[in-house]
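Work through the exercises below with the structure in view. Try each task before reading its solution.

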Amino acid sequence: MDQNNSIQAFQGLASPPGVMTPTMPVFSPMMPYGSGLTPQPVQNTNSLSILEEQQRQQQQQQQQQQQTQQLNTGLPGASGQTPQLFHSQPVPGSTTTALPGNTPLYSAPVTPMTPIAPATPASESSGIVPQLQNIVSTVNLGCKLDLKTIALRARNAEYNPKRFAAVIMRIREPRTTALIFSSGKMVCTGAKSEEQSRLAARKYARVVQKLGFPAKFLDFKIQNMVGSCDVKFPIRLEGLVLTHQQFSSYEPELFPGLIYRMIKPRIVLLIFVSGKVVLTGAKVRAEIYEAFENIYPILKGFRKTT
Amino acid sequence: MIKVLNIQAPTFSVTDVMEAHCQEYKVSLGHVPEELAEDSKGLTKRAIALVELAADSWIVTGRQPLPIMMAAVYLAWQSLKPNAQRLKMSLEKFCKLAKVQKSKTAGTRITEMKGMLYKLGKEIPWYKEVLTPDNVVSLVGDILQHRFSLLRRALKSHELSLLEKCPAGQVNSSSAETSSSSEVSEHAGQTPAKSSVNAEKQKQAGVGDESLKSPSEESNPQTQELTQNWGKRVLFAPPCVVNAKRKRAERPPLHVTGDEEISDSEIESYIRTPQEARDFAMMQEKLFTSNNESS
């Protein structure tokens, strides 16, 4: 399965997460920094807004796209994709066609030969790997459940219908918590990896089965993944919010961290002054790695003054 | 929501709000005896300078602005006329005097600011007595006036003290230091009273100085184990890094495939025996009836 391939690619950690599906041609820079879809490392702190920069790069791309159109016969939608900012105008003449066999999450390389991003070499990886802290998944047990019976006969269950309309069940290994609803749907939280989440969900289903219900294991799906890491240098959040206004929200009166909503991949990052970063909102592990590789040069750019 | 309303939230800076905040403090001549009175303009100027210094040393980022402003005003008020009466007055009494409500964390901010001022005040060559974070308030005027050169000196002496501890691998930092000192010396001629533009430049120079510590640390292979708490080896670091709480014991990572066999005995351990279930049901009933009686 595609999913398994991309997961195995990270165990070696030698290659940045941009290189995953074998169907993509390798004549492009591995990290699509120049695509205009990912936030760029800021070269100068002089108020050139991100939108202007990306539109400028878009125009560059368009020119280069026309030149290299012949080379891209295999990938019609590869270059000149509309940047996925919520307030940008669609660029005439370029379409985002879905690439066959590719998930829409990973952008195809923009131009084959000339990289657009001026400074940062695309192959430089941060060397830091975000650790997964929490996985939330759902599964359908496929039958109606009597929560009172479950609460009565299971040791590890709590049920307080006045407070919440589900049974809260916990198991020791993998250490997780499940919310089991009377419709037969179940939410499993607290696992540290996708496989652990799946194993835990199966154990809960087994407990429900043993209690006498005809439980099945249908539509297991990972809904959210949370990762965290430490860049080990302090970050000027006030500066970051000034230069990346469209993506950041920093209100020290409300919350000490900066909330960075990355567009591609669609991940929310909580960035703290201590250098610790929390990434959440991912459906697959690769999104977390990609988001971190995207934010790391931006944070590094904030550490040194030019 | 910002999208819907098509507006842009203005970015907030503590220095903008400082002036309005300072005017809340009723310590001008009309309200308090002359010994304790302070002109609002002078107080604001000094408090703003203190906040800028605090921002450089990572005291401001990520924190609620009100306690910082309160701490800055308090220290500014104390330092503008550092006589025994003012120095002895605690924050609580000061807030009562000025008719403002004291904030609890302002005390912590005061300690942090005093620590930062102490680090700078140590570098003053003409102060001959023993300096502690407590008696640094009397020197605040001098510190603010010469803050750029004091900062440079503090960084240099910090680097020297680190060199004594681990002599290898510091070649990077010395060359980097000279480039940063040239940046800082551009500002050396300016007087402390600042517009926000200059404050930004100073902040950036400050970032360059202080953060240059960390790359030089990390390049040294010896200190790789010590990068656990890099905050302790830098002159100025965010307080949450310096006072890092102990991490809770991490469980060893579980390597599973997700499709393993689940043993029956493990699942049985999660299910009550029939006797247990009966006992539990009885207990629930008793609790329920006793609740009904009592309510």
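**Exercise 1: A salt bridge between the chains**

Task: Find the residue of chain A with which E266(B) forms a salt bridge.

Solution. This is a predicted model. Start at E266(B) and look across to chain A. The partner is K203(A), and the closest N and O atoms are 2.8 Å apart. The cut-off for a salt bridge is 4 Å, so a pair of this kind within that distance counts. Next, take the total: the count between chain B and chain A is five salt bridges.

**Exercise 2: The side of chain B that touches chain A**

Task: Which helix gives the largest share of this side of chain B?

Solution. List the elements that give two or more residues: helices 3, 11, 12, 13, 14 and 15 of chain B. Helix 11 of chain B gives the largest share, five residues. Now sort the residues of this side by type: 20 are nonpolar, 14 polar and 14 charged.

**Exercise 3: The extent of the interface**

Task: How many residues of each chain are in contact, and what area is buried between them?

Solution. Count residues: 48 of chain B are in contact with 44 of chain A. Then take the area: about 4500 Å² is buried between the chains, with 55% from carbon and sulfur atoms. T61(B), I262(B) and Y270(B) supply 16% of the area that chain B buries against chain A, more than any other three residues.

**Exercise 4: Chain B by itself**

Task: How many helices and strands does chain B have?

Solution. Chain B has 15 helices and zero strands. Of its 295 residues, 42% are buried.

Methods. Residues numbered from 1 in each chain as written. Chains lettered and ligands numbered in written order. Predicted model: local features only at pLDDT ≥ 70, side-chain atom pairs only at ≥ 80, totals over all residues. Heavy atoms only, no water. Contact = heavy atoms within 4.5 Å. Buried area = accessible area lost by both parts, 1.4 Å probe. Salt bridge = Lys/Arg side-chain N within 4 Å of Asp/Glu carboxyl O. Helix = DSSP H or I, 4+ residues; strand = E, 2+ residues; numbered from the N terminus. Nonpolar A, V, L, I, M, F, W, Y, C, P; charged D, E, K, R; others polar. Buried < 20%, exposed > 50% of the residue type's maximum accessible area, 1.4 Å probe, protein only.
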